[in-house]
Amino acid sequence: MYRGDGYEFVELRAYVPGDDVRRIDWAATARAGELQTRVVLEDVALTLAVLIDDSASMQVGRSRTLLTAAEEAATAWFGTARGGDRLLRVGSDHAGPPHVPVATAFEMRRALETARAALRRGTALLAIGDWYELDDRYDDLLANLGAWCDCTAMIARDPWYDGLPVGGIVRFAGAEGGMLRAFVGARERAAFAAAVRAREDVLAQRFARAGWRSGILHESDGVASLRAVFGVPA
Amino acid sequence: MTFDAPWVLAVGAVVAIGLTWIYRLAENRIGAQALRYSNVAFLASAIHPRPWLTRILNAGWIVALCAVVVGLAGPHLRLPVPVANGNVFICIDTSGSMASTDVSPTRAAASQAAARAFVEDAPAGIKIGLITFSGNAELIAPLNANKDTTLAAIDQIPSPNGATAIGDALRLAATQFPPAGHNVVVLITDGVNNTGVDPQEMAEYFGAHHVPIYTIGIGTPNGDIIGGEESTIDEHALESYAEVSGGAYARAENAAQLRDALARLGRETTIEHRPVAAGFGFVVAGAGLLVVTMLSGLYVGRFP
């Protein structure tokens with residue numbers, strides 16, 4: 001069961017644009033001084049949606065790609081569906097559940113905007129990516145989507161989170177283009193490790209502010225990563 | 001700078017272009033093996049690359065290779081070197097007027113100190129002799145390359161006393177110079193020749209034998225009164241001795257000026273600019289830098 005258009009009352013909460021006006025509890029509104037919506041359990045079906053960043057930056061990894069782990073998590077996510085639940089994939093064309101096309105090349109903002117426009121209210125959305133492009137300009141969109149759907153973000157952990165495996169003057173090839181030739185010593189390795197950790201923290205805080213739950217996608221095991229996000233034991 | 005084999009430079013340029021081309025090819029191959037990373041922009045902002053490291057290595061390679069190529073081309077540099085077979089006679093006036101105190105502490109003591117500095121600063125290999133003169137000329141130290149000997153002789157310069165026999169001193173120097181060599185006379189005096197050989201004749205003799213006389217007149221413009229007589233400089237005569245012999249005249253009114261004048265003379269008379277073969281130095285320096293750059297490259301994980 002999922003919060004939606006059913007009859008079993010769950011809670012009162014502040015009105016969010018897009019709420020069915022028929023669900024506004026006018027008595028509670030009068031007491032609270034602002035619009036209050038009655039949240040009821042959906043007794044029809046659950047919509048499970050997945051949004052995966054399948055751009056080139058997710059196609060890196062130490063022993064296998066982050067995208068492989070993301071697909072594992074998505075499969076497990078859809079695996080939780082019960083009879084009658086609907087499955088939806090937001091993103092580029094993909095075999096499997098019906099999908100909402102975004103663009104030929106994955107673009108996070110367009111994907112999120114598409115999800116906001118296409119997903120029905122209350123959809124359980126699992127969004128997986130490396131979220132490099134996510135900055136404060138996304139806050140409103142994330143908050144809006146977070147209020148509209150039950151959103152979960154999985155942050156792909158940097159393959160070299162535990163340390164850059166190189167030293168000396170090293171050439172780096174960007175998965176999405178660009179080259180960098182740089183000297184990597186102890187100072188650079190320490191700076192990199194700190195930056196990677198700080199980035200994860202900032203992303204987690206950003207998702208939390210927007211009303212999302214978030215967790216880490218480990219390259220080694222997408223299913224275990226998904227379980228960890230929801231606190232489900234193996 | 002001149003070169004024995006300038007064509008080597010052209011060959012070196014061609015080789016350098018070839019090496020650069022090969023290096024680029026190798027770099028592209030290595031580039032294909034670069035570590036793949038999801039987001040280079042993030043990586044760059046995270047590690048704050050130090051591009052000067054690679055630039056220093058590149059500069060090291062270029063400078064080292066250029067030095068080797070230039071060295072192989074046989075360069076000759078015009079460098080200051082000690083005069084070959086250089087002989088300098090310092091002729092110091094010890095007449096009574098040298099006791100004047102218008103130059104502190106006395107003209108004689110200032111001359112002695114300046115001569116000492118001249119000897120100490122002279123490059124190794126230059127032979128220096130010392131002649132003093134008053135009523136007659138005396139050889140205090142024959143020409144020799146041992147500075148200690150000459151410095152010890154300077155300490156034996158007699159006290160000021162007597163007349164001024166400039167010509168006798170010049171004649172004594174003329175008898176002491178070897179027939180061949182880069183011979184120079186440095187004359188320090190405060191007075192007018194008043195006995196012995198005519199110095200003008202000796203100056204003409206030296207001029208004919210290409211031995212320049214550098215004259216230094218010591219004393220203030222007002223001079224001093226010694227023994228009831230005014231001690232002045234015959235600048236006109238000193239300029240004439242210098243001119244006819246191919247030397248130069250300088251006036252020293254105090255100890256510092258005297259010291260400076262002698263130091264300048266020291267550079268002019270004992271140092272000359274000659275083309276010196278520098279190929280070996282260039283090759284050694286270039287090879288050394290090449291090794292250092294190579295080891296540095298290995299150390300920071302890049303070869304080359």
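In the predicted model, Phe172(A) stands opposite Leu35(B), a residue of β2(B). The two strands involved, β9 (residues 168-174) of chain A and β2(B), pair in the parallel sense over 3 bridges.

In total, 22 residues of chain B are in contact with 25 residues of chain A. On the side of chain B that touches chain A, two or more residues are given by each of α1 (7-32), β2 (35-37), α2 (40-47) and α3 (51-72) of chain B. The largest share comes from α2(B), which provides 6 residues. By residue class, this side of chain B comprises 13 nonpolar, 6 polar and 3 charged residues.

Chain B itself was examined next. Its secondary structure amounts to 10 helices and 12 strands, and 38% of its 304 residues count as buried. Of the contacts in chain B with a separation of 6 or more, 82% are accounted for by residues 24 or more positions apart.

Helix α7 (residues 199-208) of chain B illustrates the arrangement of buried residues. Pro199(B), Met202(B), Ala203(B) and Phe206(B) are buried in this helix. Viewed down the axis of α7(B), the buried residues fall within an arc of 105° and therefore line one face of the helix. The elements that cover the buried residues of α7(B) include α6 (166-176), β7 (182-189), β8 (213-218) and α8 (235-245) of chain B. Following α7(B) is His210(B), which has a positive phi, near 55°.

Conventions: Residues are numbered from 1 along each chain as its sequence is written. Chains are lettered from A and ligands numbered from 1 in the order in which they are written. This is a predicted model: local features need pLDDT of at least 70, side-chain atom pairs count only at pLDDT 80 or more; totals for chains, interfaces and linings use all residues. Two residues are in contact if their C-beta atoms, placed from the backbone, lie within 7 Å. Helices (H or I, at least four residues) and strands (E, at least two) are DSSP runs, numbered from the N terminus. Ala, Val, Leu, Ile, Met, Phe, Trp, Tyr, Cys and Pro count as nonpolar, Asp, Glu, Lys and Arg as charged, and the others, Gly among them, as polar. Two strands pair if DSSP finds at least two bridges between them. A residue is buried if 20 or more other C-beta atoms lie within 10 Å of its own, exposed if 12 or fewer, and partly exposed in between; C-beta atoms are placed from the backbone. The arc is that of the directions from the helix axis to the C-beta atoms.
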